[in-house]
Amino acid sequence: MRDLPTLLAGRRRLLVTGGAGFIGGAVVRRLLRESDAIVFNLDKLGYASDLSSIEEALAAAGSSDGGAESRHQVLAVDLADAEATAAAVRQADPDLVMHLAAESHVDRSIEGPEAFIASNVQGTFSLLQAVRAHWEGLAGERRERFRLHHISTDEVFGSLGAEGRFHEDTPYDPRSPYSASKAASDHLVRAWHHTYGLPVVLTNCSNNFGPWQFPEKLIPVVILKALAGEPIPLYGDGLNVRDWLYVEDHVDALLLAATRGELGRSYCVGGHGERNNREVVEAICARMDVLHPQGAPHARLITAVTDRPGHDRRYAIDPARITAELGWQPRHSFEAGLAETVAWYLDHAPWCAAVRDRAQYAGERIGLAGRS
Ligand code: NAD
Ligand code: TDX
């Protein structure tokens, strides 16, 4: 990948929404480490948010988060609040917006869909209106260069059978409250491009994994259950397939699409990493046997539990467009990324405990919506 300053091509003021979350945090760290841009991190600082990875990165670079000249400025704003969002966009005065803020956990969307409509639909609408006003006020080169990059998911395309892969022309068919809210946000972004001319780029990515992911998603849940010697919950028959991508490879794709993607175009991102859930869980248990032999064999903890309501069977991405047009390639194999991730969680047990405590989430099953 080209170096970041070359990609940014003089864009100095970057607004990242959701930068206190898992993927947004990885984007912010990369921007702080590899460019001299000022990053405005707009986040409602919700249950899944944590800034310690960014604070660590700033400390390593010998810089802090406090001063007026700080390269990292946190804007604690809920996008569902249109006025606060407009004020935050005016304050950031951005050359580029990367929109990652969203409620992101499917199980929580089954339990409480309202928050997903508020953040993902209403929030994206507020942001689009605020960004449109900002862009219409720009002139000259700043207006020419400006873009909004909307970050979305492969789940908008629905569920695959045994064959085929999602691509940019796959019809939308979302089936969970989460994926429906993300599909709605994609449609809003495209509408603002077609109707108002807002310069946008979209990406739809498959399942991410890596360090600093809030421990409610499959991979960190399994690591922490195995470490605690507790039953590892495998939904249904364990044969649902996801296309796993290491988070830093997603960040590569996002920075390419945000800066080099064709306006109005979307790019599917996936890592050629298809695995069924049983394979993923067994691979984690095997790593745990090496790194935490006291608990071996961890696979004895794998426990079939009631399936997720409406559980999508298979996701898989054909990343041919982003590979051919933008030169993107994943740099981590699933095995290498997983080994790093398992080791990272074992080294960060206090962080996991602290973020779970703060979120009042102890690792219990969510999202059965009345089933048991
Ligand atoms: P995350 O839950 O770890 O972080 C999301 C962040 O957005 C949180 O810090 C949260 O506080 C913030 N946020 C949510 N609603 C907000 C609002 N109304 N106003 C301001 N901030 C708000 O999620 P993630 O896994 O980092 O996902 C980031 C984005 O990438 C999401 O848009 C998600 O749909 C998309 N995505 C995620 C994956 C994945 O596997 N995790 C895959 C493809 C796409
Ligand atoms: O304890 C579990 N046991 C289990 O079998 C959990 C938490 C999940 N699962 C299954 C459900 C899925 O088939 O594992 C698979 C992965 O589940 P999640 O980690 O919850 O991810 P998924 O539902 O696939 O959605 C993720 O990928 C796409 C992200 O959470 C989304 O934000 C992203 O858009």
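User: Which residues in H6 meet residues in H8?

Analyst: Reading a helix pair begins with listing the residues that touch on each side, and in this predicted model the H6 side consists of Phe116, Ile117, Asn120, Val121, Thr124, Phe125, Leu128, Gln129, Arg132 and Trp135. On the H8 side, the residues they meet are Tyr178, Ser181, Lys182, Ala184, Ser185, Leu188, Val189, Trp192 and Tyr196. Sorted by class, this contact of H6 with H8 has 12 nonpolar, 5 polar and 2 charged residues.

User: At what angle do H6 and H8 pack, and how far apart are their axes?

Analyst: Helix H6, which covers residues 114-136, packs against helix H8, residues 177-196, at an angle of about 15°, and their axes are 8 Å apart. Angles under 35 degrees count as roughly parallel, and therefore H6 and H8 are roughly parallel to each other.

User: Is the crossing of H6 and H8 left-handed or right-handed?

Analyst: The crossing of these two helices, H6 and H8, is right-handed.

User: How many residues are around ligand 2, and which come nearest?

Analyst: Ligand 2 has 20 residues around it, and those that come nearest are Thr153, Glu155, Tyr178, Arg308 and His311. For Pro233 it is a backbone N or O atom that lies 2.8 Å from a nitrogen atom of ligand 2. Arg242, by contrast, places a polar side-chain atom 2.7 Å from an oxygen atom of ligand 2, while a polar side-chain atom of Asn277 lies 2.9 Å from an oxygen atom of this ligand.

User: Finally, which residues does a cis peptide bond join?

Analyst: The backbone angle to read here is omega, which is about -5° for the cis peptide bond joining Ala296 and Pro297. Pro297 belongs to the loop between helix H11 (277-291) and strand E13 (302-305). Another backbone angle to read is phi, which is positive, about 45°, at Ala9, although this residue is not a glycine; Ala9 is found in the loop between helix H1 (4-8) and strand E1 (13-17).

Definitions and conventions
Residues numbered from 1 in each chain as written. Chains lettered and ligands numbered in written order. Predicted model: local features only at pLDDT ≥ 70, side-chain atom pairs only at ≥ 80, totals over all residues. Heavy atoms only, no water. Axes fitted to C-alpha atoms, helices over the stretch in contact; angles between N-to-C directions. Helix = DSSP H or I, 4+ residues; strand = E, 2+ residues; numbered from the N terminus. Parallel < 35°, antiparallel > 145°, perpendicular 65-115°, else oblique. Left-handed = near helix turned anticlockwise from the far one by under 90°. Contact = heavy atoms within 4.5 Å. Nonpolar A, V, L, I, M, F, W, Y, C, P; charged D, E, K, R; others polar. Near = heavy atom within 4 Å. Polar contact = N/O pair within 3.5 Å; in protein donor to acceptor, adjacent residues only side chain to side chain.
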